[in-house]
Amino acid sequence: LVEAVKWDRKAADQGLAKAQFNLGNAYDSGEGVAKDQVEGVKWWRKAAKQGDAKAQFNLGNAYYEGEGVAKDEVEAAKWWRKSAEKGTAKAQINLGNAYRKGKGVAKNQVIAVKWYRNAAEQGHAEAQGNLGIAYNTGDGVAKDQVEGYAWNNLAAVTYERAKKKRTELEKTMTAQQVAAGQKRSAELSASIEANKAKR
């Protein structure tokens, strides 16, 4: 790892965004160099300013957590947005959460749902679960128990919270609604897989 960091530093000093991102990760984790989150943020910022979506996401997280930089939810949302607009599912879910909670941005459930949907359609289980809950509650989207069940059913494969929500929903829905939700879930899954194949 020390050797890899040496080469990343040379490339990072020459302005290569990928190397700057890697160097930021090394400093953040302390792999191959002494752990130094401030230095990690410095290198992520260089890569993020060049448009590296992963560095933008990490920089947003650093601002949100106050690690290596002063905590600043507005800055966090700014960097997550840049990454989310490039299609980073984890940034989309974080930005959706920011809008849902009003952290760093004005609270707006409709915009939260938009970002959850973007990540959910990429197969991100937490986003699928959050989108399902939005449909179940009517927060930011028209209330639709079947659609909510469908998204929670998709997410339940790997996301424990969605599995619990699906079980709760099954107790309040008719057998026909559950069957419709399962059918819709299969359609959504096929659509997600088709989109993955295009990438």
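Is S185 buried or exposed?

A: This is a predicted model, in which local features need pLDDT of at least 70, side-chain atom pairs count only at pLDDT 80 or more, and totals for chains, interfaces and linings use all residues. Residues are numbered from 1 along each chain as its sequence is written, and side-chain values use heavy atoms, with hydrogens and water left out.

S185 is buried, because its relative accessible area is 5%, where buried means under 20% relative accessible area, exposed means over 50%, and partly exposed is in between, with a 1.4 Å probe and protein chains only. The residue belongs to helix 11, which covers residues 175-198; helices here are DSSP runs of H or I with at least four residues, and strands are runs of E with at least two, numbered from the N terminus. Once residues up to four places away in sequence are set aside, S185 touches A150, N153 and L154, contact being defined as heavy atoms within 4.5 Å.

Two other residues can be described in the same terms. V113 sits in helix 7, residues 109-120, and is buried with a relative accessible area of 6%; leaving out residues up to four places away in sequence, V113 touches L131, A134, D139, G140 and V141. N94 is found in helix 6, residues 89-101, and counts as buried because its relative accessible area is 19%, while its contacts, apart from neighbours within four places in sequence, are F57, N61 and W80.
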